[in-house]
Amino acid sequence: MDHCSCNALKWILTPIFLLLSVVVMMFLVHLGGDFSVPVLLNMNNTSLANDPGISLHQTHKPSQRSNSSLHNIKQRKRVKMKSRVQRELEKARMVIQEASSNGISVNESMWLDAKEHRIDIYRNRAAFFRSYAEMEKQFRVYVYEEGEPPLVHHGPCKDIYTTEGRFISELEQMQGGLRTRDPRRAHVFFLPFSVTEMVRFLYQPESYDHQPLQRFVADYVRVIASKHPFWNNTNGTDHFMLSCHDWGPHASRGNSQLYENSIRSLCNANISEGFHPYKDVSIPEINLKDGEMPRQLLSPVFPSRTFLAFFAGGVHGPIRQQLLQHWEGRDLTHMPVYNYLSEGLDYYSFMLRSHFCLCPSGYEVASPRIVEAIYSECIPVIISQGYVLPFSDVLRWEAFSISVAVEDIPRLREVLEGFTAEELEKLREGIRTIKQHFVFNNPPKKFDVFHMILHSVWLRRLNVSI
């Protein structure tokens, strides 16, 4: 082939080769911008790799458009995952509302251990069972790993604040199930600090200064918000804390969004102190002195109930002061009311022998006597103001307890004697049915107190009432 023919062929092939190169580059960029595509040729058919003004490192550096594409892909993935969580919540709302309206429920024999299921102890039994089933199927909780024990990831398990410590412990130990290690799959995020441990290690005794607790909470939320996107995405509305200490509400004021927006699970569920039933959760106060249910109540032997009502406790707050003022020592053979029991008298034996157990609020609204009364199948008599009872979003407390207004304390005996034997037995049947909802199991079991707390959080996240 002569020299002219070679030049002609060169001029024909060069544009074709350039065109093919451009097509290949455009195709690779279209695939997502994750590829580094060097420019192969300049107009003089010279490789840029051989150009002394451009290094090989520069030719393989991703372009600005490529970085932007990567960002867009990650953003689409976040939106997709967020949409998945939202779709799950929407689906759960739909089936729960359907069950609430139409009475469509799951097979109840699969769910409750009780042999007899009292319909009237639940506000809407079908909706509750369906909601619980949806929780088990879909609900996922993410636990933040930031912080060190004992202030975080730890709590008391052997005193009046048992609920706080046991809940934190059970959730921390959970593998799979309702807990997820992937925050993108979470419906709620748990802030695992312990207010009880804050009081123990940060509080100056007798100072009544809550600021050290509030500063810790503020710092912890600040760390969470700076390291993760989830708090700022929702202003904390899909986050929850849990405290059984009286000062739980005070500690939550350390961050305004936590106080106003987040789900606060509290034993001290007092409306007058800022508890909001539509977003906060009331949890039971349980006093397990050695970490287990008291022996007398674990397998109770029920003697004949010879007492109408019983109370023993200190003068804590104005309600108990009124109760003791009117009834202390007035009729110990029929309605024993003590300012603490004398040595040698057994607290739980009085409960087991009484029809009613008086549960007046102390300085704070919650009292472990309510759960102790349920364990002993002694009908709780709630004497309180502003107290939102635990799990009252699901349970009809009037089906297994009675409430007496503070102003009716002087006529308390008259009120209690007005119940017939048949009515008393019906209330005790209600107690036997709901007792499992107030028991800690190790490991947790269906419908126990651990799962009932989570179910209340689940309902707040769904923003539905049943």
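## An enclosed space

A cavity here is a set of grid points where a 1.4 Å probe fits but cannot get out. In this predicted model, searching the whole structure turns up one cavity of 30 Å³ or more. The space inside the largest cavity comes to about 30 Å³.

Which residues line the largest cavity? The lining is made up of P284, E285, S367, I370, V371, Y387 and P390.

## A strand wrapped by the structure

Now let's turn to strand β6, which spans residues 307–312. Is β6 buried or exposed? Six of its six residues are buried, so the strand is largely enclosed by the rest of the structure. For that count, buried means under 20% relative accessible area.

## The partners of β6

Strand β8 (residues 354–360) runs parallel to β6, and three bridges join the two. To find this pairing on your screen, look for F310, whose bridge partner in β8 is C357.

Strand β7 (residues 337–338) is also parallel to β6, with two bridges between them. Here A312 stands opposite Y338 of β7. Between β6 and β7 the chain passes through helix α12 (residues 318–327), and this β-α-β crossover is right-handed.

Conventions
Residues numbered from 1 in each chain as written. Predicted model: local features only at pLDDT ≥ 70, side-chain atom pairs only at ≥ 80, totals over all residues. Heavy atoms only, no water. 1 Å grid on protein atoms, 1.4 Å probe; cavity = no way out; pocket = protein on both sides within 12 Å on 5 of 7 lines; lining within 4 Å. Points joined across faces, edges and corners; volume = space filled by probe spheres on them. Buried < 20%, exposed > 50% of the residue type's maximum accessible area, 1.4 Å probe, protein only. Helix = DSSP H or I, 4+ residues; strand = E, 2+ residues; numbered from the N terminus. Pairing = 2+ DSSP bridges. Right-handed = clockwise from strand over helix to strand, strands pointing away.
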